[in-house]
Amino acid sequence: QYLPGLGPRKGARLFEQLVTLAQMGQDVGNRAELLERGLVGPVVFANLAAFVFFAPLDDDADVVPTLEMTRVHPEHYEFARQLCVQAAADEDDEELPEDEAAINEAVSATIGKREELGLLELTEYARHLRGEEMGGVQTVAEPRELELQLHAMQAALIDPYIDVREVLVAPSPDAPPSFDG
């Protein structure tokens, strides 16, 4: 399989390293560990992080949904967590949870929940975020870009790890070459 940031050699090397670590009982459990353990550098990590999926190896394990199971990039986790908190909140809730456990519970409770996540007012939320800092990450200056990122996060939370790209179909040997851009 192709992963952004990894060519055939880097991909094969990473795969070998992951297998070796697993055989030694030192499984990599999340995206951040790829960077922390020096398996990939910061540039490669930035390119591939949203395309790497970590799931429990035990099929009988109760799987608690996390952002690691979505295509949300780690640099956008704080925004995605806030979307989940908003989606999980009752209309009557005046204060939203701020403690880590409650936020993680909201994430687990809303991933895959089309109805709750679909009710979010992303245009208003983008207006709220514009110009503010969240988790040390400055929001983008372009208003439409922020709104598009929020919609992409919402889609990734609704359908975790869905690949929205079209299936690549090999050209017919009889088809004339096409150089359309």
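Mentor: Start with the surface. The accessible surface of the protein chain is about 12,400 Å², and carbon and sulfur atoms hold 53% of it. Keep in mind that this is a predicted model.

Trainee: How many helices and strands does the protein chain have?

Mentor: Eight helices and two strands. From the N terminus the order is α-α-α-α-α-α-α-β-β-α. Of the 181 residues, 30% are buried. Among contacts with a separation of 6 or more, 56% join residues 24 or more positions apart.

Trainee: Let's go to His-76. Where does His-76 lie?

Mentor: In the loop between helix H3 (42-48) and helix H4 (77-88).

Trainee: Why is His-76 called buried?

Mentor: Its relative accessible area is 17%. Buried means under 20%. The value for His-76 falls under that cut-off, so His-76 is buried.

Trainee: What does His-76 touch, leaving out residues up to four places away in sequence?

Mentor: Gln-149 and Met-153.

Trainee: Now H4 and H5. What makes H4 roughly perpendicular to H5?

Mentor: H4 and helix H5 (residues 100-110) pack at about 75 degrees, with their axes 8 Å apart. Roughly perpendicular covers 65 to 115 degrees. The angle is inside that range, so H4 is roughly perpendicular to H5.

Trainee: Which residues meet there?

Mentor: From H4, Arg-81, Cys-84, Val-85, Ala-87 and Ala-88. From H5, Glu-100, Ile-103, Asn-104, Ala-106, Val-107 and Thr-110. By class, this contact has seven nonpolar, two polar and two charged residues.

Trainee: How do you know which two are charged?

Mentor: Asp, Glu, Lys and Arg count as charged. Arg-81 in H4 and Glu-100 in H5 are on the contact list, so they are the two charged residues.

Trainee: Pro-97 is in the loop between H4 and H5. Why is Pro-97 called partly exposed?

Mentor: Its relative accessibility is 32%. Buried is under 20%, exposed is over 50%, and partly exposed is in between. The value for Pro-97 sits between those limits, so the label is partly exposed.

Trainee: What does Pro-97 touch beyond residues up to four places away in sequence?

Mentor: Val-85, Ala-102 and Ile-103.

Trainee: Last, Glu-121, in the loop between helix H6 (114-118) and H7. Is Glu-121 buried or exposed, and how do you know?

Mentor: Exposed. Its relative accessibility is 58%. Exposed means over 50%, so Glu-121 qualifies.

Trainee: How far is Glu-121 from Gln-86?

Mentor: Their C-alpha atoms are separated by 9.7 Å, and the two are 35 residues apart along the chain.

Notes. Residues numbered from 1 in each chain as written. Predicted model: local features only at pLDDT ≥ 70, side-chain atom pairs only at ≥ 80, totals over all residues. Heavy atoms only, no water. Helix = DSSP H or I, 4+ residues; strand = E, 2+ residues; numbered from the N terminus. Buried < 20%, exposed > 50% of the residue type's maximum accessible area, 1.4 Å probe, protein only. Contact = heavy atoms within 4.5 Å. Areas by Shrake-Rupley, 256 points an atom, 1.4 Å probe, with all protein chains shown as cover. Axes fitted to C-alpha atoms, helices over the stretch in contact; angles between N-to-C directions. Parallel < 35°, antiparallel > 145°, perpendicular 65-115°, else oblique.
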